[in-house]
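Look at the chain shown here. The report below walks through some of its helices and a few of their residues.

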Amino acid sequence: MVRTRLLFALFVATLGLQRLIELRLSQRNEQMMRQRGGREHAPETYCWIVTLHSAWFAAMLLEVFAGRRRFHPRLAAPAFGVFAAGQALRLIAIRTLGWRWSTRVMTVPGQPPVRRGIYRYIRHPNYLGVELEILAAPLLHSAYLTSVTFGVANLLLLRDRIRREEQALRKDDR
């Protein structure tokens, strides 16, 4: 039992490292967008997203360790599949958007929204991928309270963020 918790902690740490690397990529892309006249929209949503995601990492570990959650392979296997699908969606979105991918809501005036690749089929694949990860990662070690709580909270934040992003894209797609 202790061994699976430690493996889960290693998984969470690896996921955290991935997110930090992505933040650096995002900052580089934001700089490129700003050089091309890009601007940020709805910056107040960003601090809420960062807060939620940081708390999600802590909550996963807290629930697994303090809550003494057991590892259940029958739950972990499908959870891993959902998590992997979320990772795939996010990475495909990042690759498709290239220099236009950012963790912030940013647009470059005159640049139409990307409609190629995965974006031909899914309007916001990155957000869908993040939601799948938020739901599935805690379930790898039966942290169902974290999964439900943060899954719902993330959906509520994304609903507002997507609305604001769509407004910004319509405004700058001229």
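## Terms and model

A residue is buried when its relative accessible area is under 20%, exposed when that area is over 50%, and partly exposed in between (1.4 Å probe, protein chains only). By that cut-off Ala93 is buried, because its relative accessible area is 0%.

This is a predicted model, in which local features need pLDDT of at least 70, side-chain atom pairs count only at pLDDT 80 or more, and totals for chains, interfaces and linings use all residues. Residues are numbered from 1 along each chain as its sequence is written, and side-chain values use heavy atoms, with hydrogens and water left out.

## Ala93 in H3

Ala93 sits in helix H3. Helices (H or I, at least four residues) and strands (E, at least two) are DSSP runs, numbered from the N terminus. Contact means heavy atoms within 4.5 Å. Not counting residues up to four places away in sequence, Ala93 touches Ile118, Tyr119, Pro125 and Asn126. Pro125 is 32 residues from Ala93 along the chain, yet their C-alpha atoms are separated by 6.1 Å.

## Helix H1

H1 covers residues 2-35. The expected span of a helix is 1.5 Å times one less than its number of residues. For the 34 residues of H1 that gives 50 Å, and the end C-alpha atoms are 50 Å apart, so the two agree. After H1 comes Gly37, with a positive phi near 90°.

The buried residues of H1 include Phe8, Val12, Leu15 and Met33. Helix H2 (43-66), helix H3 (73-97), strand S2 (105-107) and helix H4 (125-136) are among what covers the buried residues of H1.

## Trp56 in H2

Trp56 belongs to helix H2. Its relative accessibility is 0%, so Trp56 counts as buried. Leaving aside neighbours within four places in sequence, Trp56 is in contact with Leu15, Glu133, Ile134, Ala137, Pro138, Thr146 and Phe150. A polar atom of the Trp56 side chain lies 3.3 Å from the backbone oxygen of Ile134.

Trp56 and Arg68 are twelve residues apart in sequence. Their C-alpha atoms are 17 Å apart.

## H4 against H5

Two packed helices are described by the angle between their axes and the distance between the axes. Axes are lines fitted to C-alpha atoms, for helices over the stretch in contact, and angles run from 0 to 180 degrees between N-to-C directions. The axes of H4 and H5 (residues 144-172) come within 9 Å and cross at roughly 170°. H4 and H5 are therefore roughly antiparallel (an angle over 145 degrees).

Where do they meet? Residues of H4 including Tyr127, Val130 and Ile134 meet residues of H5, among them Phe150, Leu155 and Leu158.

Note on methods: A polar contact is a pair of N or O atoms within 3.5 Å; within protein, one must be able to donate a hydrogen and the other to accept it, and residues adjacent in sequence count only if both atoms are side-chain atoms. Angles under 35 degrees count as roughly parallel, over 145 as roughly antiparallel, 65 to 115 as roughly perpendicular and the rest as oblique.
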